[in-house]
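Hi,

Here is the structure I promised to pass on.

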Amino acid sequence: MQHDQDGIGRRLVHGRGMTRVVHYLNQFFVGQGGEDAAGSPPNRIPGPVGPGRRLQQLLGEDFEIVATVHCGDDDASGRPDAIGEILALAAEEHPDLLLIGPAFTSGRYGLACARLAAAAADAGIHALAAMHPENPGLEEAGSAPVVASGRQAREMGPSLEALARAARVVAAGDALTAADGSIGRARRRVVRASQPAAVRAVDLVLARLGGDRDRTEVPLPRFDAVTPAPPVSDLADATVALVTEGGLVPDGNPDRLESARATRWLRYPLQGLDELGSGAYRSVHGGFSTVWANADPHRIVPLDVARELEGEGAIGHLHDEYLVTAGNGTSVGNARRFGMEWAEDLRRSGARAAILTAT
Amino acid sequence: MVCNLVSVAARVGAPRIVPARGIPYPTGDPSLSPDQERRWRRRVVQKALEVLTTPVTAPTVFPIEGADVG
């Protein structure tokens with residue numbers, strides 16, 4: 001087995017050798033547990049585990065998943081050293097290729113997968129991650145290859161097929177393209193153009209003058225620009241609202257807020273309340289362990305200290321209700337709508353500023 | 001915005017960001033005693049209020065001074 005170290009266009013393995021694969025999954029997909037195990041540290045299991053078994057079948061006999069490295073989502077996304085430790089566990093297996101995920105739209109898992117792919121690329125380890133194009137972690141993969149997966153775990157089958165197909169492309173030393181399901185940032189490659197830059201530039205100017213506004217050699221990423229609101233000048237007179245995506249609702253979830261992929265937001269009264277009683281409120285968010293939030297709801301909606309500060313005159317008035325949704329796998333479209341509706345609702349009711357707590 | 005995943009918040013354009021200590025408890029810290037935790041929460045909310053009076057032109061992170069101590 002001979003490895004080729006240089007540049008783009010490299011094949012990972014020449015001849016008939018077996019491609020050694022390490023697979024990364026979170027605590028849930030290795031069967032360690034759900035949110036109760038989200039804080040578990042990086043660890044390694046020999047061979048394929050869980051969805052890795054199906055991935056091994058799809059990859060076929062030219063690939064061998066020699067180990068599965070896993071970590072809890074809280075630990076992997078929240079502890080600064082976690083990604084380095086995960087990568088070290090993978091590197092000890094001397095993989096030709098590190099396959100990561102699929103992470104679907106899971107925020108913490110996606111963030112960990114993207115960071116791991118980027119760290120592996122920096123360390124010279126070939127890596128390929130899979131997640132949904134709307135995963136908030138995607139950007140952190142940098143220029144490491146990422147292939148599109150489905151939105152949710154029930155799309156595991158087709159997502160693994162896409163990952164396996166893309167793994168073949170990467171293992172063959174080819175650049176992953178949009179046709180392969182590549183998402184995220186395009187990788188820079190050196191290619192020979194048919195015309196010198198000056199000729200192409202003049203052609204583009206002529207095209208622009210001819211009314212073509214879209215032609216470009218450098219498509220710019222489209223980000224939503226959020227114009228920051230001007231600062232509040234008179235906090236002592238202003239009404240301030242508490243809003244959250246932490247899924248905190250009255251016990252029993254009377255309005256049936258969705259725990260994932262929420263399509264709605266709700267409002268609950270704070271008027272006359274100084275505290276949110278333990279047991280009277282509950283987080284239904286499906287994306288993190290709600291044990292701490294349920295034990296003390298102020299960990300999500302800080303009514304106790306906000307009321308205290310209102311009493312001291314630090315703010316004019318605390319808004320009479322809090323607005324809430326569960327930000328877990330929420331589509332970008334819905335999230336944008338919630339934000340606009342919240343802003344409009346708060347403005348109409350006279351609130352001048354809002355503190356958004358997010359998990 | 002008070003949250004733990006600061007880089008995500010900045011990337012999606014949250015203008016004013018106060019870092020929290022953990023994903024599941026933006027305005028808490030269960031490792032502290034109840035009294036200490038309430039003091040910590042007060043500091044987080046006070047910081048958030050201070051930040052609301054601060055002009056920004058782009059996503060800006062406002063760490064809480066001395067955040068390592070309870």
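**Salt bridges and what they join**

Searching the whole structure turns up 31 salt bridges over all chains (a salt bridge being a side-chain nitrogen of Lys or Arg within 4 Å of a carboxyl oxygen of Asp or Glu). Before the details, some housekeeping: this is a predicted model, where local features need pLDDT of at least 70, side-chain atom pairs count only at pLDDT 80 or more, and totals for chains, interfaces and linings use all residues. Residues are numbered from 1 along each chain as its sequence is written, chains are lettered from A and ligands numbered from 1 in the order in which they are written, and side-chain values use heavy atoms, with hydrogens and water left out.

One salt bridge inside chain A pairs Glu217(A) with Arg200(A), and their closest N and O atoms are 2.6 Å apart. Glu217(A) sits in the loop between α6 (197-209) and β8 of chain A, while Arg200(A) is in helix α6 of chain A, so the pair ties together parts that are 17 residues apart in sequence. (Helices and strands here are DSSP runs, H or I of at least four residues for helices and E of at least two for strands, numbered from the N terminus.) Glu217(A) is partly exposed at 47% relative accessibility, and Arg200(A) is partly exposed at 23%. For those words, buried means under 20% relative accessible area, exposed means over 50%, and partly exposed is in between, with a 1.4 Å probe and protein chains only.

**Where chains A and B meet**

How many salt bridges are there between chain B and chain A? The count is eight. Arg299(A) and Glu37(B) make a salt bridge, with their closest N and O atoms 2.6 Å apart. Arg299(A) is in the loop between α7 (291-295) and α8 of chain A and Glu37(B) is in helix α2 of chain B, so this pair joins two chains. Both Arg299(A) and Glu37(B) are buried, Glu37(B) with a relative accessibility of 4%. Leaving aside residues up to four places away in sequence, Glu37(B) touches Arg299(A), Gly28(B), Asp29(B), Pro30(B) and Leu32(B) (contact means heavy atoms within 4.5 Å).

Glu308(A) and Arg38(B) form a salt bridge too, and the closest N and O atoms are 2.6 Å apart. Glu308(A) is partly exposed at 28% relative accessible area, and Arg38(B) is partly exposed at 29%. Through shared partners, salt bridges join Asp296(A), Asp304(A), Glu308(A), Glu312(A), Arg38(B), Arg41(B) and Arg42(B) into one network.

On the interface as a whole, 34 residues from chain B and 39 residues from chain A are in the contact. About 3,200 Å² is buried between the two chains, with carbon and sulfur atoms giving 64% of that. (Buried area is the accessible area, 1.4 Å probe, that two parts lose on being put together, summed over both.) Arg11(B), Ile23(B) and Pro24(B) supply 19% of what chain B buries against chain A, more than any other three residues.

**Helix α8 of chain A**

This helix, residues 303-311, is mostly covered, and seven of its nine residues are buried. Among the buried ones are Leu303(A), Val305(A) and Leu309(A). The cover includes β8 (239-244) and β12 (317-318) of chain A, along with α2 of chain B. After α8(A) comes Gly313(A), with a positive phi near 85°.

**The two domains of chain A**

Chain A is assigned domain 1 (19-183) and domain 2 (235-357); the bounds come from an automatic or database domain assignment. Their centres, taken over C-alpha atoms, are separated by 34 Å. Six residues of domain 1 are in contact with eight residues of domain 2. The area buried between these domains is about 590 Å², and 46% of it comes from carbon and sulfur atoms. On the domain 1 side, Glu35(A), Glu134(A) and Gln152(A) supply 56% of the area buried against domain 2, more than any other three residues.

Cheers
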